[in-house]
Amino acid sequence: AVIFCGCAGDENEPLPQSSVSRLYVSNADTDASVMSTMIFDPADGATLDKVDKFDTKLPDGNGIAFDPYSGTVFQISRQAKNIKSFTVNTNGSLSAKAKTSFIDDRLQSAREIAYDRVRKTLYVASNIDSSLYVYVGIDTIAGLARASKKLKLNGQPWGIHFEKDNLFVVIDQDRAQVQLFENASSLVVGTINPTKTINITGARRLHGITYSSTRDALILTDIGEASASGFKSDGKIYIIEAALAKFAAQGVAITPTRTIAGISTGLGNPVDVAWDSRAGKDLIYVAEKANQTIQVFKFSDSGNVSPFRTATLKSSPEAIFLDAR
């Protein structure tokens with residue numbers, strides 16, 4: 001059954017109060033000895049060294065998202081085509097929700113995920129078949145399931161971000177494009193076209209994305225070469241301020257406000273990004289897959305700068321989500 005919950009007025013409900021800063025990490029490793037999920041808690045301390053690891057049994061972990069209103073973490077396995085949800089306990093540990101684990105064997109290549117908490121809808125980007133899989137009533141789905149809607153795009157999606165019924169979609173490969181779908185919950189099955197787009201001048205392969213409507217700033221990552229010579233040092237972060245006004249119906253090429261790139265950054269394949277936009281913080285977190293690190297930069301950074309903080313891992317981070325309130 002397709003169930004829609006909530007109302008438009010809920011879009012502006014304030015976040016539940018908390019002083020927590022937790023970074024959720026989904027690992028792409030398929031070796032059973034590597035834990036598929038990590039939580040840095042706190043993520044905004046003087047060092048980034050307190051990490052808890054959890055065996056969520058999701059090999060080739062990709063998208064991960066957290067809903068602070070229900071205290072639920074969603075995570076997806078590209079290999080197993082499995083989506084699971086977890087309760088975050090008061091001590092930061094995870095407990096599986098038995099009724100909301102399901103497999104969609106038609107899901108071809110799951111990458112990033114985004115959650116619409118008003119309508120209890122999960123969006124999944126699948127790059128190989130240029131599609132978005134949409135699961136409505138995510139809290140009621142279990143067992144073997146099918147997407148409520150499959151939306152076809154005109155390019156391969158990777159990173160996606162949902163905010164106030166706006167869905168931002170990164171188009172991978174040579175497109176270097178971000179597509180904006182307004183009124184995303186109204187999209188119908190079949191081929192869809194973005195409301196507006198931007199192209200990032202000089203970008204090679206965009207992957208990660210995050211956006212803040214209160215700051216109207218968009219942050220993107222560029223992995224550069226996926227495996228060729230130099231792939232461990234050619235990554236970039238793009239910061240675009242006054243972002244929404246730059247999107248246009250006919251599409252437009254833009255130059256980022258600032259670019260973080262260079263050998264000192266340690267960026268090679270920055271596959272995902274999160275942003276602590278709180279006053280006094282303004283920290284950018286990056287999942288650096290090639291060099292197996294979590295890198296932290298300042299929002300004001302530009303050029304060939306060293307990370308503000310670095311966590312060295314023994315796993316390959318693929319996706320991250322920051323809960324900072």
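**Exercise 1. In which sense do S8 and strand S9 pair, and over how many bridges?**

*Basis.* This is a predicted model, in which local features need pLDDT of at least 70, side-chain atom pairs count only at pLDDT 80 or more, and totals for chains, interfaces and linings use all residues. Residues are numbered from 1 along each chain as its sequence is written, and side-chain values use heavy atoms, with hydrogens and water left out.

*Solution.* 
Step 1. S8 and S9 (residues 121-126) are antiparallel partners, held over five bridges. Ala-114 has Tyr-123 in S9 as its bridge partner.
Step 2. The two strands form a hairpin with four residues between them. Lys-120, in the turn, has a positive phi of about 50°.
Step 3. For burial, the cut-offs of relative accessible area are under 20% for buried, over 50% for exposed, and partly exposed in between (1.4 Å probe, protein chains only). Seven of the seven residues of S8 are buried.

**Exercise 2. Determine the strand order of the open sheet of five strands, and its edge strands.**

*Solution.* 
Step 1. The order is S8-S9-S10-S12-S16, and the pairing is mixed.
Step 2. Strand S8 (110-116) and strand S16 (190-191) are the edge strands, each pairing on one side only.
Step 3. Strand S12 (residues 149-152) pairs with S16 in the parallel sense, over two bridges. Lys-152 stands opposite Thr-191 of S16.
Step 4. Continue to Ile-192, in the loop between S16 and strand S17 (196-200). Ile-192 counts as buried, at 6% relative accessibility. With contact taken as heavy atoms within 4.5 Å, and leaving aside neighbours within four places in sequence, Ile-192 is in contact with Leu-132, Leu-151, Lys-152, Leu-153, Phe-181 and Leu-187.
Step 5. Ser-33 lies 41 Å from Ile-192, C-alpha to C-alpha, and the two are 159 residues apart in sequence.

**Exercise 3. Describe the sheet that contains S23 and S24.**

*Solution.* 
Step 1. Four strands form this open sheet, in the order S23-S24-S25-S26, with antiparallel pairing.
Step 2. Its edges are S23 and strand S26 (309-312), each of which pairs on one side only.
Step 3. S23 and S24 are joined by six bridges. Asp-272 has Ala-287 in S24 as its bridge partner.

**Exercise 4. Which members of the largest nonpolar core touch the most other members?**

*Solution.* 
Step 1. A nonpolar core is a set of buried Ala, Val, Leu, Ile, Met, Phe, Trp, Tyr and Cys residues joined through side-chain atoms within 4.5 Å.
Step 2. The largest core has 19 residues, and those that touch the most other members are Leu-23, Phe-40, Tyr-285, Ile-294 and Ile-320.
Step 3. At least two core residues come from each of strand S1 (21-27), strand S2 (37-40), strand S23 (270-276), strand S24 (283-288), strand S25 (293-298) and strand S27 (317-324).
Step 4. Beyond four places in sequence, the residues touched by Ile-320 include Leu-23, Val-25, Ile-64, Tyr-285 and Ile-294.
Step 5. A second, separate core has 18 residues, among them Phe-168, Ala-176, Leu-206 and Leu-218.

**Exercise 5. Identify the backbone features at Pro-42, Ser-130 and Gln-173.**

*Solution.* 
Step 1. Asp-41 and Pro-42 are joined by a cis peptide bond, with omega of about 5°. Pro-42 belongs to the loop between S2 and strand S3 (51-54).
Step 2. Ser-130 is not a glycine, yet has a positive phi of about 50°. The residue sits in the loop between S9 and strand S10 (131-136), and is buried at a relative accessible area of 14%.
Step 3. Gln-173, also not a glycine, has a positive phi of about 65°. Its loop runs between strand S14 (166-171) and strand S15 (177-182). Gln-173 is partly exposed, at a relative accessible area of 34%.

Definitions and conventions: Two strands pair if DSSP finds at least two bridges between them.
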